[in-house]
Structures are given as structure tokens and as C-alpha cells.
Amino acid sequence: MLKHLIQISDLTRVQIESMIERAQMFEKTPFPKNLHISGNQPVGALLFYENSTRTRVSFELAAYALSLKTINLDIHTSSSKKDESILDTIRTLGAMGCGYFVIRHSESGILAKITDALGEQFSFINAGDGQHAHPTQGLLDMLTLYQQKKSFDSLKVGILGDSIRSRVAKSDIAALQCLGCRDIRLIGPEAWLLPEMPGVTRHTDDTALEELDVIITLRVQKERMTHVDPQVLDNYIQQFQLNSERLKQAKPNVIVMHPGPINRGVEITSEVADGSQSMILKQVRNGVLIRMAVWEKIAKN
Ligand code: NCD
């Protein structure tokens, strides 16, 4: 049973492992019958104040597979455009029977504030808050890694690119460390790397790709940069873009991951993104399975 999922540190290792296991069970039984969810659950509300394709649709498909009803508020035509606060929007939907809220928002930390205010009455799932956290992406990435590599402790994982602005990088690091991974390398230009933290090394040249088992490529998040200098972008492409040549520096059986959306020809070439080592579409599929496991934990009777 889980009341909220705001960040990976809300979960224990055992809970993460049980969701990975449950997601794999759902892969075999896409529309399971023996659920711990009854038909009389409150409705789930999807509130996406920021753009999304994968995350929103997979939460919706996952709920559908579990026979959990959801509504999808179109923020652009909702009363938030008449300056209704997010708390009032939640209270309003709550009064109509919504009990679970999946929220994506551009403000880092907003899910914690919402949970402080309304967490007794409703359950909240973070679908990405600013540059802070994206726990379900972290979980689906761990599911993908587990399926391919079967264990975490001896893995060498590179996180390539714009980690400082990435909520995915932060959630992946937290999840990898919780599952016992000890070699995590941030790779990219100095100004784009997350600051020093225990158990994570920082590298400003691509030789750190050597011996990697996994490369998690990040989108260059132009919308989060105050100014996009074409020269900086060009340098990034020259020095770090994941192309076939660079991929050869890693282990022969390295897998390539990317949370999407991908910018072809920027952080990754089409050849690599569509190549046999790419897990990108597998991650998308796993997004539905892991969100089924998350919904089940939250909505369990
Ligand atoms: C990510 C996000 O929005 O945080 N995408 C996703 O959820 N699959 C990563 C990104 O936008 O770069």
C-alpha cells in the first residue's frame, strides 16, 4: 500500500523490486483479473500542466488495463486559464469523486507542497515536477535495465548529457543507488553536469564511455535553458552526441536508453536511436507496465 509517490526516496528497495516483479507479471497478463482493486475506486485524474506524450498516455492505458476510471483534464481549456489555483482545481475535482491525482508541472517541488496541503484527503503521483523528480520514469528505467542485465550491483551506468536540468537523471540515480549500483558516471560539458554527490563520478570527456554496460542519453532540454547558444549546441554534438563511433567505446553488449522525446541528430543519431542496442521503444512499453504496478500500489484495497 502506498499513499503518494513523489520521489524515489519515498520507496524502499523491497517496494521497488516488488513493482519491477509485478510489472513483469503484467507483461504476461496484459488485462489481469486477480487485482487488489475494486470497481468502486475513486476516479484518477490526470493533470498535465506541461506537455507529455508517453507519460500521460501510459498512465491512462495502465489505468484502463486495471479497470480504474480516469479523467484527463485539458489544462488549456480548463479553469486554470481563469487563474484558478492548482489546489482549488484539485479540491473541485475531489468534490466530484476524483481521489487519485497524477500531476506534471513545471515547478520543482510543487508535488510536495500539494501533498502537504491535501495529502490527507487524496493520493498524489508525481509525473514530473520541474527539474526535481520523475519517479515513474526512474522505475520504468529500472525495469528495462533489470530485464536486460538481471542485476544492478556490478553495472557501469553512464548518464550522458544535460543532467543538471534533468528530473529523469535525478530519479534514475536515486533508483540505481537504492538497487545497489555503485558505478554511475555523469558525462557531458561541465556546465551541464549535476554537482558532486556521493557514489557518482563526473566526466567532461567521452572516454568515460569506456566499459559501460548502459548509456542513458538525455534530451538537451532547450526549454529549460535561459539562452540557447548555437555554438554550445554545436560543441555538444561534436564532443558528446551518441553516434555509432562513440557507441563502440562502450562494451559490445551495451544498451542505449533515452526517456524520450528524442531529438534526432542532437543528443543521439538516428542510427543509434533505431539500432539494435536501443531500448527506447522498450522503455515506452515498460512505462505502461510499471504504471500499472504503481496504480495498483496506490489504489489497492
Ligand atoms: C522526460 C520528462 O518530461 O521529464 N520525458 C518523459 O517523461 N518521458 C524527459 C524529457 O523531457 O527530456
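Because the model is predicted, local features need pLDDT of at least 70 and side-chain atom pairs count only at pLDDT 80 or more, whereas totals for chains, interfaces and linings use all residues. Residues are numbered from 1 along each chain as its sequence is written, and side-chain values use heavy atoms, with hydrogens and water left out.

Strands of a sheet pair through backbone hydrogen bonds, either parallel or antiparallel.

Strand β4 (residues 123–129) is largely enclosed by the rest of the structure, because 7 of its 7 residues are buried; here buried means under 20% relative accessible area, exposed means over 50%, and partly exposed lies in between, with a 1.4 Å probe and protein chains only.

Empty space was then examined. Rolling a probe the size of a water molecule over the atoms shows where empty space is left. On a 1 Å grid over the protein atoms alone, a cavity is a set of points where a 1.4 Å probe fits but cannot get out, a pocket is an open set with protein on both sides within 12 Å along at least five of seven lines, and lining residues have an atom within 4 Å of a point. Grid points are joined across faces, edges and corners, and a volume is the space filled by probe spheres set on the points.

A search of the whole structure finds 2 cavities of 30 Å³ or more. The largest cavity holds about 70 Å³ of space, and its lining includes Arg54, Gln137, His258 and Arg291. Two or more residues of this lining come from each of α2 (54–65), α5 (135–149) and α10 (280–299), and α10 gives the most, with 5 residues. By class, the lining of the largest cavity has 4 nonpolar, 6 polar and 2 charged residues, where Ala, Val, Leu, Ile, Met, Phe, Trp, Tyr, Cys and Pro count as nonpolar, Asp, Glu, Lys and Arg as charged, and the others, Gly among them, as polar. The second largest cavity has a volume of about 30 Å³ and is lined by Gly39, Gln41, Pro42, Ser67, Leu68 and Lys69.

The largest pocket contains about 420 Å³ of space. Of its 20 lining residues, Arg104, Arg167, Arg219, Gly260 and Pro261 lie nearest its centre, and the elements that give two or more residues to the lining are α2 and α6 (167–178). This lining comprises 4 nonpolar, 9 polar and 7 charged residues. In the second largest pocket there is about 150 Å³ of space, and the residues that line this pocket include Phe48, Tyr49, Arg56 and His76.

Several loop residues complete the description. Most residues other than glycine have a negative phi, and most peptide bonds are trans. The peptide bond from Gly260 to Pro261, however, is cis, with omega near 0°, and Pro261 lies in the loop between β9 and α9 (270–273). Lys150, although not a glycine, has a positive phi of about 70° and lies in the loop between α5 and β5. Glu211 also has a positive phi, near 70°; this residue is found in the loop between β7 and β8 (214–217) and is partly exposed, with a relative accessible area of 45%. Gln241, in the loop between α7 (230–240) and α8 (244–247), is buried, with a relative accessible area of 9%.

Technical notes. Helices (H or I, at least four residues) and strands (E, at least two) are DSSP runs, numbered from the N terminus.
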